[in-house]
Amino acid sequence: MTRIVAIANQKGGVGKTTTTINLAAGVAREGYRVLLLDIDSQANATSGLGVDKNAGDGSVYDVLLGDGAATNYIKATQYENLDLLPSEPDLAGAEIEIATSGNIQYRLRDGLAPLRETGTYDFIFIDCPPSLGIIVTNALVAADSVLIPLQTEYFALEGLSMITDLINRIIDNDLNPELELEGIVMTMYDKRTNLANEVVGEVWKAFGEYTYEYAIPRSVKISESPGYGEPVLYYAKNSTGAYAYEKVVEEFIKRNRARDEGTPHQYDSLEVTGDGVPSDAESPETNQQET
Ligand SMILES: Nc1ncnc2c1ncn2[C@@H]1O[C@H](COP(=O)(O)OP(=O)(O)OP(=O)(O)O)[C@@H](O)[C@H]1O
Ligand SMILES: [Mg+2]
């Protein structure tokens, strides 16, 4: 069975793409067959995996416009088990083109249907653009669940209601009645600030068990990695950022196993531990204070 997870938050720059790339790469490294689907015209996930976004040989844009099956445009990446359905800058015009054609909310779902049928992938991760328009709606209609990256800062929760409202509308209007919340992953967490810790507390209060135990800290290595076309998991595998994403990958897999087995997810501890410094740190780098 294929599980399709949309990574979404209408707020820009909260770590959607970074989380998608590292989750996809990390889950693939564990042996699962993974497809990363880039539906943002910025194509950051495409270039973040070292793939040319201006290749001009087809992208998710063609799938959204109904010009072909997704399988025609999938590319292998340099990582085992990880394929990419790239985006391209042209996608920026797709909102309008889709809106003036028929069947507009179901384009992506229909385009992915053959992949679901053949069970080619265990997981498909969709990197959404920072909006709540028709393209994101397509993603949420096609997906089984939504994972929301949340930057630990003021107004983070306020903005969150916009995406949860869209999720509820999609469920209530029968566009995708089975859509689930996969979880909330807190990003750019700085454990030294009271504000970040307050936000963490509020997220726990509001979302309880959906909150991922491990928050992603601010990390220089994470911000450098897209420039090298690599997930931080590979670019700087002993860094605090890579460690944190490894923990999120671990938790994602654990939660999915628990769900498949019909057992509730068990937390290791009931505390967000986003310092990124493992108690059994092997690398000196993990002890550096990053800013
Ligand atoms: N934990 C982190 N520490 C430091 N920098 C980060 C971290 N996560 C992401 N970044 C950097 O912050 C910027 C925004 O991250 P990213 O592109 O993942 O966000 P996004 O939500 O996908 O943005 P957009 O809404 O534009 O698609 C990028 O330059 C990225 O490298
Ligand atoms: Mg992005």
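Q: What stands opposite Ala6 in S5?
A: Ile126 does. This is a predicted model, where local features need pLDDT of at least 70, side-chain atom pairs count only at pLDDT 80 or more, and totals for chains, interfaces and linings use all residues. Residues are numbered from 1 along each chain as its sequence is written, and chains are lettered from A and ligands numbered from 1 in the order in which they are written.

Q: Why are strand S1 and strand S5 called a pair?
A: Two strands pair if DSSP finds at least two bridges between them. S1 (residues 3–7) and S5 (residues 123–127) have five bridges, in the parallel sense. So they pair. Strands are DSSP runs of E with at least two residues, helices are runs of H or I with at least four, and both are numbered from the N terminus.

Q: What makes S3 and S7 edge strands?
A: The open sheet has seven strands in the order S3-S4-S2-S5-S1-S6-S7, with mixed pairing. Strand S3 (75–76) and strand S7 (180–187) each pair on one side only.

Q: Which strands does helix H7 touch?
A: H7 (residues 156–172) packs on the sheet, touching S6 (145–151) and S7. Contact requires C-beta atoms, placed from the backbone, within 7 Å. The direction of H7 makes about 165 degrees with that of S6. Such angles run from 0 to 180 degrees between N-to-C directions, with axes fitted to C-alpha atoms, for helices over the stretch in contact.

Q: Why is Ala92 called partly exposed?
A: Ala92 has 16 other C-beta atoms within 10 Å. A residue is buried at 20 or more, exposed at 12 or fewer, and partly exposed in between, with C-beta atoms placed from the backbone. So Ala92 is partly exposed. Ala92 is found in the loop between S4 (82–85) and H4 (94–99).

Q: How many residues surround ligand 1?
A: There are 21, and the closest are Lys16, Thr17, Thr18, Pro130 and Ser223. A residue is near a molecule if its C-beta atom, placed from the backbone, lies within 6 Å of it. H1 gives the largest share of this shell, three residues.

Conventions: Two residues are in contact if their C-beta atoms, placed from the backbone, lie within 7 Å.
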